[in-house]
Amino acid sequence: MSEPIRVLVTGAAGQIAYSLLYSIGNGSVFGKDQPIILVLLDITPMMGVLDGVLMELQDCALPLLKDVIATDKEDVAFKDLDVAILVGSMPRRDGMERKDLLKANVKIFKCQGAALEKYAKKSVKVIVVGNPANTNCLTAAKSAPSIPKENFSCLTRLDHNRAKAQIALKLGVTSDDVKNVIIWGNHSSTQYPDVSHAKVKLQGKEVGVYDALKDDSWLKGEFITTVQQRGAAVIKARKLSSAMSAAKAICDHVRDIWFGTPEGEFVSMGIISDGNSYGVPDDLLYSFPVTIKVKYFWDYFPCSFTKLDIFLNFKILRSTTSGY
């Protein structure tokens with residue numbers, strides 16, 4: 001087995017984390033041979049609830065969990081991190097104006113960015129989930145100047161998965177048969193779901209989604225508004241925000257960062273816009289189509305070395321790059 005990696009989840013007493021933590025601990029995200037030290041951070045008033053989450057994780061008897069640390073202290077939570085999944089944020093309450101929500105979250109993510117800067121590894125991968133995710137991610141990145149901006153991303157995979165699911169439902173196929181949808185922009189109702197490059201597998205052949213559906217009015221109308229407003233529809237139906245689907249999207253997002261995207265596929269992530277080829281201004285956190293290639297130590301050796309030889313004698317070197 002590899003050396004344990006240190007993974008932080010903030011807002012760990014909340015409903016998204018409750019749906020997320022088991023998948024991290026059972027190997028679904030980082031692989032079945034990757035031990036994990038799981039760090040759970042929440043605010044002091046939630047520590048009683050967090051103790052219950054800790055007990056449940058212990059009772060799961062997951063062999064990959066080498067340690068689980070529950071804390072309300074940033075110096076403990078952010079120390080030597082390999083991955084930080086920032087789920088916790090200030091939710092919008094009745095009567096709260098958007099500027100008040102932004103002000104409260106800027107304070108939170110400035111502090112967490114500063115903690116990443118002070119305590120985490122410089123190679124840490126940071127995934128921001130707490131809304132407004134794009135703004136919060138940019139705030140955290142600005143507050144951790146020695147960590148590469150490319151290491152920060154925010155979650156638009158839930159919107160991406162929602163778009164795939166709507167296409168699959170319309171065509172009577174599974175979501176795995178749909179690929180290369182794109183979410184542009186913000187994780188909000190202003191996002192733009194785009195299927196102009198999307199493909200669907202029908203009867204063993206890949207076909208463009210527009211050609212497969214032959215329903216341009218739906219694709220340019222109801223499909224877009226359904227994806228944009230899906231979160232609100234979930235809240236209206238269950239009186240709570242998306243948790244199970246959000247946790248699944250986080251797993252998909254982090255797994256692609258860790259292992260790379262499948263050949264011939266791109267996914268949607270909010271990333272820094274610097275140097276993009278789409279005319280989006282620099283220095284924004286914006287959702288683009290992204291491909292990720294993970295390079296291993298053996299990629300740097302002549303082919304006379306076998307992967308097994310390299311694996312047995314050297315620690316794997318992992319470097320992730322995003323392209324869009």
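This note walks through a predicted model, point by point.

1. **Ground rules.** Residues are numbered from 1 along each chain as its sequence is written, and side-chain values use heavy atoms, with hydrogens and water left out. Because the model is predicted, local features need pLDDT of at least 70 and side-chain atom pairs count only at pLDDT 80 or more, while totals for chains, interfaces and linings use all residues.

2. **Overall make-up.** The protein chain has twelve helices and 14 strands. These are DSSP runs numbered from the N terminus: helices are H or I with at least four residues, strands are E with at least two. The chain has 324 residues, and 48% of them count as buried. Buried means under 20% relative accessible area, exposed means over 50%, and partly exposed lies in between (1.4 Å probe, protein chains only). Contact means heavy atoms within 4.5 Å. Among contacts with a separation of 6 or more, 69% join residues 24 or more positions apart.

3. **The largest nonpolar core.** A nonpolar core is a set of buried Ala, Val, Leu, Ile, Met, Phe, Trp, Tyr and Cys residues joined through side-chain atoms within 4.5 Å. The largest one holds 50 residues, and Phe30, Leu38 and Ile85 touch the most other members. Helix 11 (residues 244–259) gives the most to this core: eight residues. Domain 1 (5–154) and domain 2 (156–307) each supply at least three residues. Those bounds come from an automatic or database domain assignment. A second, separate core has 28 residues, including Ala77, Ala115, Ala140 and Cys154.

4. **Leu38.** What does Leu38 touch, not counting residues up to four places away in sequence? Its partners are Val7, Val9, Leu21, Ile24, Leu57, Leu65, Asp67, Val68 and Ile69.

5. **Helix 1.** Helix 1 spans residues 15–25 and contains Ile16. Its buried residues are Ile16, Ala17, Leu20, Leu21, Ser23, Ile24 and Gly25. The cover over them includes strand 1 (5–10), strand 2 (36–41), helix 2 (47–60), strand 3 (65–71), strand 4 (83–86) and helix 11. Just after the helix, Gly27 takes a positive phi of about 95 degrees.

6. Ile16 counts as buried because its relative accessibility is 16%. Ile16 and Ala247 are 231 residues apart in sequence, but 5.8 Å apart in space, C-alpha to C-alpha. Leaving aside residues up to four places away in sequence, Ile16 touches Val87, Ser242, Ala243, Ala246, Ala247 and Ile250.

7. **His253.** His253 lies in helix 11. Is His253 buried or exposed? His253 is buried, because its relative accessibility is 0%. Beyond residues up to four places away, His253 touches Ile127, Ser153, Cys154, Leu155, Arg157 and Met269.

8. **The annotated site.** An unreviewed UniProt entry lists Asp42, Asn105, Val129, Gly130 and Asn131 under "binding site". Such annotations may be inferred rather than shown by experiment; positions follow the numbering used here, and feature names are shortened.

9. Val129 sits in the loop between strand 5 (125–128) and helix 5 (133–142). Val129 is buried, at 8% relative accessible area. Asn131 is in the loop between strand 5 and helix 5, and is partly exposed at 36%. Apart from residues up to four places away in sequence, Asn131 touches Ser89, Met90, Asn105, Asn136 and His187. A cis peptide bond joins Asn131 to Pro132, with omega about -5 degrees.

10. Most residues other than glycine have a negative phi, and most peptide bonds are trans. Asn180 has a positive phi, near 65 degrees. Asn180 is buried, at 6% relative accessible area. Lys239 has a positive phi of about 65 degrees. Lys239 is exposed, at 65% relative accessible area.

11. Three strands form an open antiparallel sheet in the order 7-10-11. Two strands pair if DSSP finds at least two bridges between them. Four bridges join strand 10 (residues 199–202) to strand 11. Lys201 stands opposite Glu206 in strand 11.
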